[in-house]
Amino acid sequence: MNQSALIRPDWTPATIALMVLGFVVFWPLGLAMLAYIIFGDRLRTFKKDAIDTVDGMFASCRGKFRGGRGHGFRSATGNVAFDDWRDAELARLDEERRKLDEMREEFDAYSRELRRAKDQEEFDRFMRERRANGQSDVPGFPAS
């Protein structure tokens, strides 16, 4: 985001003035400006999350309406060769999409495993240091 913008979701003199002016003119405008100042930097991620959610909800409909043979709506052009080529290309793209989704899932699993390993290493180091200082693993009990 361009930080030189006059109206950005931050406590700048311009946004404070607009908020006060909004409360003076019509209180919901001031409240909207206050919400923008506080939550404006989260709008991009909110929009992306909302779009991803809607895409996920309608993902099952994609195959039905993309010209799959025998079901759903099909927009035939009248040219059999073109329709066959288009169907083959759409099938290829669906396969590529499936492969990308699998790769993303594998990477997510890999990232989770890395985080788990890092957390385990930090925890083990903490426990070694704690034992080296003569502290017990269980609070309230003396070290053995």
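**Helix 5 and its side-chain pairs**

Tutor: Glu-102 and Arg-98 are both located in helix 5, where 4 residues, about one turn of the helix, lie between their positions. The model is a predicted one, and the pair forms a salt bridge in it, with the closest N and O atoms 2.2 Å apart.

Glu-95 and Arg-98 are 3 residues apart in helix 5, so about one helical turn separates them. Glu-95 is partly exposed, its relative accessible area being 32%.

The next pair is Asp-101 and Arg-104, whose side chains meet in a salt bridge of 3.4 Å, N to O. Asp-101 and Arg-104 lie in helix 5 as well, 3 residues apart, which is about one turn of the helix. Asp-101 is partly exposed, with a relative accessible area of 24%, and Arg-104 is partly exposed at 47%.

A network of salt bridges links Asp-83, Arg-86 and Asp-87. A search of the whole structure finds 7 salt bridges.

Aromatic side chains come next. The structure holds 1 aromatic pair. The pair consists of Phe-82 and Trp-85, with ring centres 5.8 Å apart and planes at 35°, so it is classed as tilted. The angle falls between the limits of under 30 degrees for stacked rings and over 60 for edge-to-face rings. Phe-82 and Trp-85 are 3 residues apart in helix 5 and hence separated by about one helical turn. Phe-82 has a relative accessible area of 37% and is partly exposed.

As to confidence, helix 5 (residues 80-132) has the highest mean pLDDT among the elements of the chain, 94, whereas helix 4 (residues 59-65) has the lowest, 64. The chain averages a pLDDT of 81, and 79% of the residues score at least 70. Over residues 69-73 pLDDT stays under 50, and the model has 9 contacts beyond four places in sequence for this stretch.

The rest of the chain gives the setting. Its secondary structure comes to 5 helices and 0 strands. Of its 144 residues, 12% count as buried. Among contacts with a separation of 6 or more, 21% come from residues 24 or more positions apart. The accessible surface is about 11900 Å², and carbon and sulfur atoms account for 63% of it.

A nonpolar patch on the surface, with about 1100 Å² of accessible area together, includes Trp-11, Leu-21, Phe-26 and Ile-38. Helix 1 (13-25) and helix 2 (27-39) each supply at least two residues of the patch, and the largest share, 6 residues, comes from helix 1. Ile-38 has its place in helix 2 and, at 40% relative accessibility, counts as partly exposed.

Terms used:
Residues numbered from 1 in each chain as written. Predicted model: local features only at pLDDT ≥ 70, side-chain atom pairs only at ≥ 80, totals over all residues. Heavy atoms only, no water. Buried < 20%, exposed > 50% of the residue type's maximum accessible area, 1.4 Å probe, protein only. Contact = heavy atoms within 4.5 Å. Areas by Shrake-Rupley, 256 points an atom, 1.4 Å probe, with all protein chains shown as cover. Patch = residues over 30% accessible without salt bridge, like charges linked within 9 Å, V, L, I, M, F, W, Y side chains within 5 Å. Salt bridge = Lys/Arg side-chain N within 4 Å of Asp/Glu carboxyl O. pLDDT = per-residue confidence, 0-100. Phe/Tyr/Trp six-rings, centres within 6.5 Å; stacked < 30°, edge-to-face > 60°.
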